Amino acid sequence: QQTTAGTDHLITVTTQPTVSIITPTFRRPVETVELLENLRQQTVLPLELILVDGASPEETATEKAVTPVLPTLPFPCHYVRHGGGTAIQRNVGIQKARGNLLALIDDYIRLEPDFLAQMVKVFAGDAEQRIGGVTGFRTNQHFDPNVQRWRWYRRLHFFSTYEPGRYDYASGYPINVLLQAPFSGVREVDFMTTSCTVWRREVFESGLSFDPFFRDYGMLEDAHFALRARRRWRLLLNGDARCVHLQSPNGRVNRRRLGYKCVVNYYFVFADIVRPLTWLHQWRFWRFQAFELFRVLSSAVRRWRWTDAQEFCGRIEGMLAVARGVVPKPQ
């Protein structure tokens, strides 16, 4: 809301927030078309959708699938080809976006009809413009904090906090926001997912972007970005902006690569957000990593699952990479 002075009175001009949606996709033509159909049902329509396809030029399945749908949408959709992984793709989409609110919505997310309306409402009520980002609530992924793994985390006192959405600055571990039970209203968090989050444009204009370290399969690039943004802005979880997180077998990385990133990416974020790392930071980080390695190995032996064995090997490779100094130092 802006107020301008006239000759003998004040004129108040209300600026309606505009929302640009940025969606990275990779080899998911069916899911992408379903997302387009989902977005047309929003009670507050986006200004535009920027769809960034990470597939190679020879792979045309997604482009062919969405082309017939685009003219029927009640908002423009800009189709862009750019690879490099979700972090890089989001940066590309953000640079092209025109809205004053930028919604990062992944292709496997299905929003409830009032999702954008609930987000706009929160930003509209922020007269001081201190809120940098708001993330939605994934209704189908909440899990009980008393599951065996988390009981062991508490018994062994791995973390200094167990509050969902908070970052444990002592050990470098983000406490899973999916531990948050359903609620109404908003609550403060330290980090946010990129799958269903709306950011204020000024956050990106301040010079922040997704770090190019997080190339190919993304892991923790969202937490890293949010933790840097939180140094200046408030971040919120909106319990009334609900969505569903679907599972897709397409465009996934294998468990060995996943295990590798569970070590390397977490260490990279820890080293950047909490600097310098003391010997106590290092001790807490590696103590937890050792437990996770043991947990995955136990699962591989007990269940005879090849995927667990792959993750175990990936974690070993990640630990060796950090020990050798392969992980670049954050800028």
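What is the volume of the largest cavity? About 70 Å³ is the value found for the largest cavity, and the structure holds one cavity of 30 Å³ or more. The term is a geometric one: on a 1 Å grid over the protein atoms alone, a cavity is a set of points where a 1.4 Å probe fits but cannot get out, and its lining residues have an atom within 4 Å of a point. Grid points are joined across faces, edges and corners, and the volume is the space filled by probe spheres set on the points.

This is a predicted model, in which local features need pLDDT of at least 70 and side-chain atom pairs count only at pLDDT 80 or more, while totals for chains, interfaces and linings use all residues. Residues are numbered from 1 along each chain as its sequence is written, and side-chain values use heavy atoms, with hydrogens and water left out.

The lining of the largest cavity is made up of Thr135, Gly136, Phe137, Arg138, His142, Val177, Leu178, Gln180 and Leu237. Strand 8 (residues 131-138) contributes the most to this lining, with four residues; helices (H or I, at least four residues) and strands (E, at least two) are DSSP runs, numbered from the N terminus.

Turning to charged pairs, a search of the whole structure finds 26 salt bridges, each being a side-chain nitrogen of Lys or Arg within 4 Å of a carboxyl oxygen of Asp or Glu. One of them joins the side chains of lysine 261 and aspartate 216, at 3.1 Å from N to O. Because lysine 261 lies in helix 8 (residues 255-273) and aspartate 216 in the loop between helix 6 (201-205) and helix 7 (221-229), the pair ties together parts that are 45 residues apart in sequence. Lysine 261 is buried, with a relative accessible area of 5%, whereas aspartate 216, at 40%, counts as partly exposed; buried means under 20% relative accessible area, exposed over 50%, and partly exposed in between, with a 1.4 Å probe and protein chains only.

A second salt bridge is formed by aspartate 308 and arginine 305, whose closest N and O atoms are 3.0 Å apart. Here aspartate 308 is buried, at 3% relative accessible area, and arginine 305 is partly exposed, at 36%. Glutamate 311 and arginine 315 also form a salt bridge, with 3.0 Å between the closest N and O atoms; both residues are buried, and, being four residues apart in helix 10 (residues 306-323), they are separated by about one helical turn. A network of salt bridges links Arg255, Glu292, Arg295, Arg305, Asp308, Glu311 and Arg315.

The structure holds zero disulfides, a disulfide being a pair of cysteine sulfur atoms within 2.5 Å. The sulfur of cysteine 77 is 19 Å from the closest cysteine sulfur, in cysteine 243, and is therefore too far for a bond. For cysteine 262, the closest cysteine sulfur is in cysteine 313, at 14 Å, which is again too far for a bond.

Helix 7, finally, is mostly covered, since nine of its nine residues are buried. These buried residues pack against helix 3 (86-96), strand 9 (167-168), strand 12 (196-200), helix 6, strand 13 (234-245) and helix 8, contact meaning heavy atoms within 4.5 Å.

Technical notes. 1 Å grid on protein atoms, 1.4 Å probe; cavity = no way out; pocket = protein on both sides within 12 Å on 5 of 7 lines; lining within 4 Å.
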